[in-house]
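I opened this entry to keep track of contacts and salt bridges. My notes follow the order in which I looked things up.

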4 protein chains.
Amino acid sequence: MTTPSTMMALVKESPGPGLTYKDVPVPEPGAGEALVRVVNASVCGTDSIIYDWEPWAERRMTTLPRITGHEFAGVIESVGHGVTGYPPGTRVSAESHYFCGSCYQCRTGRREVCRSMRIMGVDADGAFAQFILVPAVNLWKNHPDIPDRVATLQEPLGNAVDTVLAEDVTGKWVLITGAGPMGLMCLAVSKAAGAYRVIVSDPNEYRLELAERMGADIVLNPNVMPLSGPVLTATSGNGVDVLLEISGSSAALHEALPLVTPGGRVSLLGIFGGEVSLRLNEDVIFKKLRVYGITGRIAFSTWHTVSRLLSSGQLDMAPLITHEFHISDYEKAFELMRTGRCGKVVFGV
Amino acid sequence: MTTPSTMMALVKESPGPGLTYKDVPVPEPGAGEALVRVVNASVCGTDSIIYDWEPWAERRMTTLPRITGHEFAGVIESVGHGVTGYPPGTRVSAESHYFCGSCYQCRTGRREVCRSMRIMGVDADGAFAQFILVPAVNLWKNHPDIPDRVATLQEPLGNAVDTVLAEDVTGKWVLITGAGPMGLMCLAVSKAAGAYRVIVSDPNEYRLELAERMGADIVLNPNVMPLSGPVLTATSGNGVDVLLEISGSSAALHEALPLVTPGGRVSLLGIFGGEVSLRLNEDVIFKKLRVYGITGRIAFSTWHTVSRLLSSGQLDMAPLITHEFHISDYEKAFELMRTGRCGKVVFGV
Amino acid sequence: MTTPSTMMALVKESPGPGLTYKDVPVPEPGAGEALVRVVNASVCGTDSIIYDWEPWAERRMTTLPRITGHEFAGVIESVGHGVTGYPPGTRVSAESHYFCGSCYQCRTGRREVCRSMRIMGVDADGAFAQFILVPAVNLWKNHPDIPDRVATLQEPLGNAVDTVLAEDVTGKWVLITGAGPMGLMCLAVSKAAGAYRVIVSDPNEYRLELAERMGADIVLNPNVMPLSGPVLTATSGNGVDVLLEISGSSAALHEALPLVTPGGRVSLLGIFGGEVSLRLNEDVIFKKLRVYGITGRIAFSTWHTVSRLLSSGQLDMAPLITHEFHISDYEKAFELMRTGRCGKVVFGV
Amino acid sequence: MTTPSTMMALVKESPGPGLTYKDVPVPEPGAGEALVRVVNASVCGTDSIIYDWEPWAERRMTTLPRITGHEFAGVIESVGHGVTGYPPGTRVSAESHYFCGSCYQCRTGRREVCRSMRIMGVDADGAFAQFILVPAVNLWKNHPDIPDRVATLQEPLGNAVDTVLAEDVTGKWVLITGAGPMGLMCLAVSKAAGAYRVIVSDPNEYRLELAERMGADIVLNPNVMPLSGPVLTATSGNGVDVLLEISGSSAALHEALPLVTPGGRVSLLGIFGGEVSLRLNEDVIFKKLRVYGITGRIAFSTWHTVSRLLSSGQLDMAPLITHEFHISDYEKAFELMRTGRCGKVVFGV
């Protein structure tokens, strides 16, 4: 198979809503780079934000055109100078955060908060294309037992793993606010890691059904009744040991924090619409909570965990992948995601 | 020395501002209790809140009259049935939080967040008196090298130890917002634990001078200029590794959080006036901060640390104890504290 | 049901091998104590050591006669002065380590290594009897979904939980040396906590079959071939992330330590026959291993975890309880245990 | 200053004892490399082992000739292709462990136990020369307040930092077995990090005097009397919270382990002469100790800590650097080290 000179790609061409599916040149790998032929790519909430040209996208994406997408699985097409260990045909995915390697964070083992981070599909051309250029240090070899349509989920699953495992959950009560794909992934990881009972809350009944199918012990719709009643009843009045906030809803956080048992733990992954007002005294300080902000993935410890849990079947992503489209049907995909009546959406490329 | 039948005590007699210094009966120790002759007691911000009858006090102190005060040092006068190991004359202080021993928290090694906590001087008669009854399990034997006027500070120093040492600070940049007695104690503990540089901010110049005398490397008045300039300059643009929020000022927290380096740590000890609005995305989540609510002390690990650091001279409380009064001069003490022109105020009893 | 004045009990009457099943007085609960009617008790390796009067028993058990046994489940018969919350009929088990509460360890949150520890069935009368006296602070209320014959296993399961969860095992390769009841419990806990693959080694084929039935991914008999070949093959040459040494065999530890990946973790629970010779340079220091000695259980954090994992079905003890006897058949039980052709042996009392 | 074509270097030319001081070519930096003009280099115990051609050296150093030495400070002379941020004249030291970057350990944040580690001065030409080639990723910029003769000590100080700070030492009793340069560095770090009391033991009185000068609270010669008496007396019978084993003497470890308080911590840095026989039951398992093998340094978290503690004066290396020689006097240096009557020996190059 010869590498073609052009490829189809989903491109943000200019400021404003929408994306364009068009023919663009296939890039060539420079020193330390690999060219990957994309097989599957999956759609993240961030992609919707870029599609809709929400403020975050507008602020962040100053250089256009830009090929979007940052979750994928594919095979090595070719590599640039100095890259070894990745012969053509090697099945790979990639860490989507490109680290600088020289800032204080990178030099102290915290590359996931690199001060000069560049993000695939945002600050560099992304994976919604037939080919993508990736720094070789960001490559991850896919396990033979993980098919490409699942392997593309390793990137967001990494966030879920870091969210859940910020502290041990074995034998613990876990409350997850938000049952979008990230919340459902946190549910799957919590169960795989031996959580005692996982409660999932979301105002979207479709998603609550998904949560039940994926093993949630209790699902709650906060629009139907306040969480506090069922949560406190279930936990004998103690509240949950662990709160995983994935919704990015300040109302959800407000409602959930009082339900964390004193001395418990909170992980924050959801991105909020603006500032969040908190009762720090009652909800954090007097209760001696530990609160972890979560972002990115620990490369590559987290990837090892994800790959193992997927390849062993400890994580089952089958119920989560509710829809698959060819990438050319991207408009249907983004429309569907807007309805909230889907789990994870995966593209064939 | 015979135990008298009455004693002088500082009593909140009825709802409303003020305290009464009056003669009350000396209590008798029941089973598992000890009667302690108080030598020194020190004044906490909570005592001012009770004196001024602020909303927290009004909500919490429903049973009056109540003898106030919860920081003290004294000697065992007598003990009740079943108490061994504390012969009369033994020099003691006491953990001021009385644990129930049977709630989920107490049964899982987190007594400092006991669900049925009773606080000395708030829910039970306190230490601003010639004698105090204490559960024997709360007693702490004072080290011979720590005089009573310093030993009374062990209780608040415990909060400072837990605030500072929630994670290791050795070789780290530390920013402390708030230079009241608690902030200054955190400064002393940070320096003793090998912090690289400690920056202290407070709008009160008197307190900044105290901070300098106690070893602060940089003192900043946020009313004179924003913290960000000098903090970022000093830290080569990286920001501090550790933020200790002691002021209870939401403005201070708002100003300080962006100055924490990505991947850094925050301890929250200060009590806020109400809800606090936070930029959780930028200041916590994208920066992957770890935030610890701090309350109480770990009995008695924390007390061991405090006692050792004091008795060895690693902590020097001399500059902090700026004023000493006989307890009968309590009104002068509370008035002085209102001015902010003092460090820690200690009573002779 | 009236409490009888005498009961049958399994007693070590005098130095030397063997136990006597005989009629003894039923004790009465003093202040802070509870009398429990035993329903089931299970047999620990320590009981065999006492039965056989091995050196450890001879050194330790200086006061005879002594009722043996320290794993049980039963119901509250009556309680002594000051004990509340345990009405007659309450289903309970108990932490078998009686803490002093006043040593350096007890006062710093490490009661499981109390300096004046007294052990049920060794230093105080035990559970191989129709009734047992227990300090009320040691009581644990059994979950309604855990039957007594399983609830008696909570005590040793606690050791397994602390052994496995000394650090997180989710997504990790685990090697367990020793497939006696403790090793098999560690296997069950590892799987429940999301270990990636668990390898179990033991020279006893009967036990390896049990291990397979309980979910071991790989079972190895070190007498058939060295562990290193299959372990390194399975782990792509990296070795295991976690070693749990349960056998107390220095040969096993010697063989297993080199198979731990550099930067990995070891928990030591097995008790060795004497001194153990280690290649500390190659096997621990140059590999930067973390080695945890494990003993007792963290009361009651560990008990919460055990109770939850059992009541939810995350731990299934059915395959492990291979034999049940009436306590009067104790000689058969000890004989069986000597053959190694059993899992856990449970007494009806 | 032009770079000369030849330089003087201390070379292991062929198997067997001794080193040769001779003229060799100055290497040229390839891609990703830097050439550093060495100003100071310090002598490690490993260098003595190489000088004396002990078994470890013979086994490990199969490619000769080899320039020795791995602790140094100097200035950038020139850099190869792709190296930025290090203009000529930049003052630097370097991490002496060259990581492969692709093994399981390197990919999971544990480069200090890289499976394909190459060590400066052992597997690659070292720092006992006028110039040294170093991979640019291993470079460390020296703080302006740390002179070169002290900056060369950052490498071994890194080991000391990781040894001491494997867990927090603030307010803790610390016992250090071995008062050679590494033990003394651990002493300095322990004091800087707020250890309560540091006990140092060594059979060499010269070194004990150094330890006293560097702030040891108690120094003990195990040849004069057993450690247990004074250690248990000083610690009220509890033993020490922390043991740092630096001597590599199995007798020292045997004597010290029983002196660690139950629930305490041990760091092992010293390299032993062979296998070590341990009472694992009594000394590790029943006491629930945590034992950390220590090797290398965490690049570059540890370097940050070291640089800060040195530049602030929290660590004072003045008493430790007892002798300085021009590198041409290397035979005197190695002879002196053999006598044990020295602290750290530093070369001018």
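**Domains of chain A**

I began with the area buried between domain 1 of chain A and domain 2 of chain A, which is about 900 Å², with carbon and sulfur atoms giving 71% of it. Buried area here is the accessible area (1.4 Å probe) that two parts lose on being put together, summed over both. On the side of domain 1 of chain A, A:Pro319, A:Leu320 and A:Arg341 lose the most area to domain 2 of chain A, together 45% of what that side buries. I noted the bounds as 6-153 + 317-348 for domain 1 and 161-293 for domain 2 of chain A; such bounds come from an automatic or database domain assignment. The C-alpha centres of these two domains of chain A lie 29 Å apart. The contact takes 11 residues from domain 1 of chain A and 9 residues from domain 2 of chain A, where contact means heavy atoms within 4.5 Å.

Between the two domains of chain A I found 0 salt bridges, a salt bridge being a side-chain nitrogen of Lys or Arg within 4 Å of a carboxyl oxygen of Asp or Glu. There is 1 residue pair in polar contact between them (both at pLDDT 80 or more). A polar contact is a pair of N or O atoms within 3.5 Å; within protein, one must be able to donate a hydrogen and the other to accept it, and residues adjacent in sequence count only if both atoms are side-chain atoms.

For the record, this is a predicted model, in which local features need pLDDT of at least 70, side-chain atom pairs count only at pLDDT 80 or more, and totals for chains, interfaces and linings use all residues. Residues are numbered from 1 along each chain as its sequence is written, chains are lettered from A and ligands numbered from 1 in the order in which they are written, and side-chain values use heavy atoms, with hydrogens and water left out.

**Chain B against chain A**

I looked up this interface next: 41 residues of chain B are in contact with 41 residues of chain A. The two chains bury about 3,600 Å² between them, 54% of it on carbon and sulfur atoms. B:Glu275, B:Ile285 and B:Lys288 supply 18% of the area that chain B buries against chain A, more than any other three residues. The count between chain B and chain A is 2 salt bridges. In one of them, the side chains of B:Lys288 and A:Glu112 meet at 2.8 Å, N to O. I also counted 24 residue pairs in polar contact across this interface (both at pLDDT 80 or more). The largest share of the side of chain B that touches chain A, 5 residues, comes from β15(B). Helices (H or I, at least four residues) and strands (E, at least two) are DSSP runs, numbered from the N terminus.

**Chain A against chain D**

Here 12 residues of chain A are in contact with 12 residues of chain D. Chain A and chain D bury about 910 Å² between them, 39% of it on carbon and sulfur atoms. With 3 residues, α10(A) gives the most to the side of chain A that touches chain D.

**Salt bridges within chains**

A search of the whole structure gave me 64 salt bridges over all chains. B:Asp217 forms one with B:Lys191, the closest N and O atoms being 2.9 Å apart. B:Asp217 is partly exposed at 32% relative accessibility, and B:Lys191 is partly exposed at 29%. Buried means under 20% relative accessible area, exposed over 50%, partly exposed in between (1.4 Å probe, protein chains only).

In chain D, the side chains of D:Arg297 and D:Glu95 meet in a salt bridge (2.8 Å, N to O). D:Arg297 lies in the loop between β17 and α10 of chain D and D:Glu95 in the loop between β6 and β7, so the pair ties together parts that are 202 residues apart in sequence. Both D:Arg297 and D:Glu95 are buried.

**Two buried spots**

I checked helix α4 (residues 154-164) of chain B: 11 of its 11 residues are buried, so this helix is largely enclosed by the rest of the structure. D:Val242 sits in strand β14 (residues 240-245) of chain D and counts as buried at 2% relative accessibility. Its contacts include D:Trp173 and D:Arg265.

How values were computed. Lists of a residue's contacts leave out its neighbours within four places in sequence.
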